[in-house]
Amino acid sequence: MLIWLGVTLLYPLVSSAALSLENVRIIGSAGRFVGLANYLSVLSSAAFWLALERSVVWVAGNAVAQTVLAMASALILEQAFPGVRVARTWIVLTWIVPTIVIVIVWRWLLSTSGGMINPFLIELGVIRRPMGFFSSSVSAMTTLILINSWRWFPFVAVMLLAGLQRIPGELYEAAAIDGASRFARFRRITLPLLQPTLFVLLVIGTLLSFNVFDIVWLLTGGGPADATTTLPILIYRTAFKGYRLSEAAAMSVIATLLLMGLAILAVRTLAPREEVR
Amino acid sequence: MRRGPAVNLALAIGLVVLALIVLLPFWWVMSSSIKATNEIVSSQPTMVPHSFTLEHFQKLLGASDFPRFLLNSVVVSLASMAITVALAVLSGYAFFRLRFPGRDFLYRAILLAYAFPGIVVLVPLYGMMSAAGLIDNPFALVIVNVTFAVPFAIWMMRAFLAAVPIEIEEAARLDGASRLTILRRIVLPLIAPGVASVAIFAFVASWTEYLFASVLIQSDAHKTIPVGLAGIIGQYQVDWGLMLAGATITTLPVIALFAFIGRYFVAGLTAGAIK
């Protein structure tokens, strides 16, 4: 198993680093050692920095939307009522269906011919006439973030729920006897005790959302006018559409270092105390 | 703790909203896949089909490459599932029961590998596969799928293994059973739900995989559903009926699997996570 992971993850990383120092354009063709030239050209290209910026927006937007949705769902699912077991299982449905299905579902729901969302929003009075959700840059990014969050929040909710269930019920009872309101109990008991779970989810969630490629690629292809070209999209395009493999490898290396650095930094500085001990 | 009627009402509303958010989009798509085309694209969308037709399914299964994609997906997913389960059981057991130097470090490294961005190894993996002559070979997909499923699978496995009382194993050892016998005869039956959740996870992960499949597979003959369907989207002048039928058929196997072992799957998901 370890050998397997070594060959399929570690070796590519190393060879990626090697590739990034050469000037290979198409896979299979030989490269010449060019030192850090690829890094210089990547770091000095506006496209790279813009993509990185969009990735930051993407990760942050997803983190906020998913945390809010997931926390609300977890609090609901924690309560005992008929059917809650079924709900706890089936909530992850959005997470287990293939991305291509998610893409078809939302492309159709949001489409201007036959889609459900436009008539619904018009009915509500939010918009006057059908809008193209992927046609302006802000709405394209927002829509993508919401769709991706819709897909991932159940997963986060289930994790949070497991964290919630580990908080001893006696704590709440004692607080209730002391006259603490529901909100006070949530803020003083739930949140602090949930911190370790939240922290792990934040770190893993950041890495996972950064990584999201297919849903963006299939819904917008990075458009309109690059407005949703996050770093993974840029790497993919550079390697397989622009045939500049070495440059894509350099970007991959930079992204890896950045993510690793962030993860390590987070664990060192932000980790809840209990975990350090 | 007792709840007042106001809280109960809020809870009920919250639950209904949650159910609608998750289920409504699927209902729309599945129910619409049997609508006639003019009803699908009508500007007055219908919640419940007014018309009934199977023409989209007939077209999808009869006149497109979809059946072949479906078969490829099934083969690749089953193979990835089998290898992942075998690896996860063996290495999960090793991680949990055996002591060896660097165990904790390796365990953490594996956790990290789960969240590892696939995109950053895409380019070099492509190079490796092309050097090994595995481009356009379904086996390449199996290798990649296993790589990305195994870390999480081990993570899930560990929680189930923790629930196996060590005393049983020790008793068996005293009776002269070897490690492998213990694993096969005693541990495996006890962690069957864990094996089921790992299996469903591995199956679903490769059933869904798009990125690597889009790069490593080139000919239509070897494409899996995610890439194949994406191709059909581009190929036809957006034929929504066909798309919705495709989405429905792709979702059904996952739902069927989930109906049987979904409960264990979610249990495994959370048991592994909160540690």
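This is a predicted model: local features need pLDDT of at least 70, side-chain atom pairs count only at pLDDT 80 or more; totals for chains, interfaces and linings use all residues.
Residues are numbered from 1 along each chain as its sequence is written, chains are lettered from A and ligands numbered from 1 in the order written. Local features need pLDDT of at least 70, side-chain atom pairs count only at pLDDT 80 or more, and totals for chains, interfaces and linings use all residues.

**View 1. Helices of chain B.** Chain B holds 13 helices and zero strands. Helices (H or I, at least four residues) and strands (E, at least two) are DSSP runs, numbered from the N terminus.

**View 2. The crossing of α4(B) and α7(B).** Helix α4 (residues 66-97) of chain B meets helix α7 (residues 138-162) of chain B, with axes within 6 Å and a crossing of roughly 40°. Axes are lines fitted to C-alpha atoms, for helices over the stretch in contact, and angles run from 0 to 180 degrees between N-to-C directions. α4(B) and α7(B) are therefore oblique to each other (under 35 degrees is roughly parallel, over 145 roughly antiparallel, 65 to 115 roughly perpendicular, the rest oblique).

**View 3. Residues in the contact of α4(B) with α7(B).** By class, this contact has 21 nonpolar, six polar and one charged residues. Ala, Val, Leu, Ile, Met, Phe, Trp, Tyr, Cys and Pro count as nonpolar, Asp, Glu, Lys and Arg as charged, the others, Gly among them, as polar.

**View 4. Confidence in the model.** Chain B has a mean pLDDT of 78, and 87% of its residues reach 70 or more. pLDDT is the predictor's confidence in each residue, from 0 to 100. The model scores ipTM 0.78 and pTM 0.80.
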